[in-house]
Every structure is written in C-alpha cells, then in structure tokens.
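Hello,

Here is the structure I said I would pass on. My notes on its pockets and one hairpin follow below.

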Amino acid sequence: MGVLDQFPSDVPDQPELLRVEREGDLVWLTINRPEVMNCLSFPTLRRMRTQLEELAQDLSVRAVLITGEGEKAFCAGADLKERKSMPAERVPDFVRNIRGLMDDVEALPQPTIAVVNGFAFGGGTELLLACDLRVVSAHAKLGLTEVSLAIIPGAGGTQRLPRLIGKSRAKDLILTGRRLDAEEAERIGLANRIAPEGALRETALEVANSIAANGPVAVRAAKAAIDQGVEMPQEKGLEFEAKCYERTLTTKDRLEALAAFSEKRKPVFAGE
C-alpha cells in the first residue's frame with residue numbers, strides 16, 4: 001500500500017504547503033504555512049508523506065533537513081481549526097496519518113535534522129522527536145502540551161521522548177504539559193545544538209554537511225544499527241551491528257577511504 005492509499009480521496013494535493021529544496025547532497029523540507037504557525041492539516045500531511053516516500057528511494061540524498069517557514073514557528077502541531085470542524089468519522093484517518101508522518105520521518109534511511117526555528121508544540125515536538133538530530137534557535141520553545149487539550153501525545157511522543165531523555169524527565173514534561181526553552185532542551189538531551197541568534201540555517205548546514213562528507217552507505221548502516229539495535233537485548237543488538245558492518249565491507253567507498261588515507265587526501269565518496 002502506497003502513502004496515497006492511506007488518505008481519503010477528497011484530501012487535496014497542495015504542493016505549495018511544503019517547499020522542497022535540493023542543496024548539493026542535502027534536501028530541505030520546509031512546512032509552508034507560516035500564517036498558522038506551520039501546523040499540520042490533512043493536505044499538509046499528504047504532501048509531506050508523499051515527499052518522504054520519494055526521498056526514501058533517492059539515496060543520492062545524504063541528509064534531510066526539516067523546518068518551518070519564517071522565524072516564529074517550526075510546527076505548532078495539528079491544525080486545531082481543521083480538527084474542530086472535521087467530521088468524527090474522519091478523525092481516525094487524520095490520527096493514523098499524523099502518526100504515519102512521524103514513522104515515515106524516523107524510517108528514512110538518510111539522517112534527518114529538525115531545524116527548529118521557533119515554537120514547536122504538540123505534534124511539532126513529536127515531529128522533531130522523529131528526527132535523528134535537532135538544531136534549535138536560541139528563541140525556540142518546545143513542549144508536548146496535549147494534556148492541556150484533554151488528550152495525550154498520540155503521534156509517538158509518549159514513546160520517543162522517554163527513549164531520548166529518560167522516563168522520569170519525559171513524565172515531567174508530558175504530565176504537566178509545560179513548555180521548555182532551548183537551553184533546557186539542550187541540557188536534558190532534547191536538542192543537540194543551539195544555534196547563535198541569526199545563524200540557525202548555517203549551524204544546521206554545518207551539521208548536515210559533516211554527515212554528508214562521510215561514506216553514505218556507512219552513515220545509513222550506522223543509523224540502522226543504532227535505531228534497530230537499541231531496541232534489542234544487547235547480544236542481539238551486537239549481532240545486528242555486525243550485519244550492518246558487513247554492508248560496508250564490499251563498497252567502493254571503503255576502498256576509496258583507504259586509498260585517500262594512503263595518498264593523504266580527502267576521500268570522494270560515491271555512495272557505492
């Protein structure tokens with residue numbers, strides 16, 4: 001079943017809701033709804049999931065950066081105005097697809113970086129949790145605020161947050177619904193980098209280019225080894241790590257790395 005099969009037939013395709021930009025080996029995905037703090041409507045979910053399905057097949061892309069348009073909001077979560085007027089029978093489809101979006105992001109073979117340019121509440125925080133790394137602006141505010149709306153984080157937040165920062169800290173954030181600033185997010189491990197004011201894009205690109213400079217097959221294998229192995233008992237995880245390592249042994253990139261080391265030059269990786 002393809003992604004489009006998971007959407008009601010009357011959900012429109014609106015490409016303008018997601019800006020897609022190729023920058024060398026990198027791709028930027030920018031949620032383009034700044035007038036509503038880049039919140040996730042049904043058409044936005046369709047556009048994002050369709051694009052992610054395409055990116056998963058394009059291994060020439062070495063990293064994917066996800067952000068929101070403007071400087072105010074990364075993503076404010078689900079479009080509550082749309083949800084308020086949504087027929088009850090459509091709500092389960094919406095919930096399945098917002099969960100599906102987070103699963104799609106997490107499942108991408110390429111590393112993903114959330115570039116958090118402002119508010120990220122509810123589903124916005126769940127979106128950045130689904131990414132591999134998080135670079136945040138100094139003025140960013142994050143939080144799983146769903147309990148204040150009498151619901152729970154339903155797009156992976158109750159599972160991904162405790163795995164990232166620990167169960168006790170996750171309960172503190174989820175049960176209170178409180179919001180935290182960039183400094184606290186970095187201190188507890190929710191953010192990987194805080195960008196200097198006005199330098200969010202540059203900081204994110206520095207991280208992304210550091211990833212893209214490495215052997216692409218090895219990077220994808222290392223990501224898989226961590227994501228899947230950490231959910232296994234250690235003995236099984238070590239076995240899975242060995243299988244991931246084996247993927248790199250027959251690659252041209254491994255030979256190129258050895259040649260470059262011998263010749264005292266930077267390697268040029270082809271992803272093969």
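Subject of the notes: pockets and a hairpin

Helix α9 gives the lining of the largest pocket its largest share, 8 residues. Please keep in mind that this is a predicted model.

The volume of that largest pocket is about 860 Å³. Its lining comprises 33 residues, and those closest to the pocket centre are E106, C131, D132, I226 and D227. At least two lining residues come from each of α3 (91-107), α4 (123-130), β7 (133-137), α5 (157-165) and α9 (216-229). By class, the lining of the largest pocket holds 16 nonpolar, 5 polar and 12 charged residues.

Around it are 22 lining residues, with A78, L80, E146, L149 and I151 nearest the centre. Here α2 (80-85), α3 and α4 each contribute at least two residues to the lining, and α3 has the largest share, 3 residues. The lining of the second largest pocket splits into 12 nonpolar, 6 polar and 4 charged residues.

Strands β1 (residues 18-23) and β2 (residues 26-31) are paired antiparallel over 6 bridges. R22 has V27 of β2 as its bridge partner. Between the two strands of this hairpin lie 2 residues, and G24 adopts a positive phi near 65°.

Regards

Notes:
Residues are numbered from 1 along each chain as its sequence is written. This is a predicted model: local features need pLDDT of at least 70, side-chain atom pairs count only at pLDDT 80 or more; totals for chains, interfaces and linings use all residues. Side-chain values use heavy atoms; hydrogens and water are left out. Two strands pair if DSSP finds at least two bridges between them. Helices (H or I, at least four residues) and strands (E, at least two) are DSSP runs, numbered from the N terminus. On a 1 Å grid over the protein atoms alone, a cavity is a set of points where a 1.4 Å probe fits but cannot get out, and a pocket is an open set with protein on both sides within 12 Å along at least five of seven lines; lining residues have an atom within 4 Å of a point. Grid points are joined across faces, edges and corners, and a volume is the space filled by probe spheres set on the points. Ala, Val, Leu, Ile, Met, Phe, Trp, Tyr, Cys and Pro count as nonpolar, Asp, Glu, Lys and Arg as charged, and the others, Gly among them, as polar.
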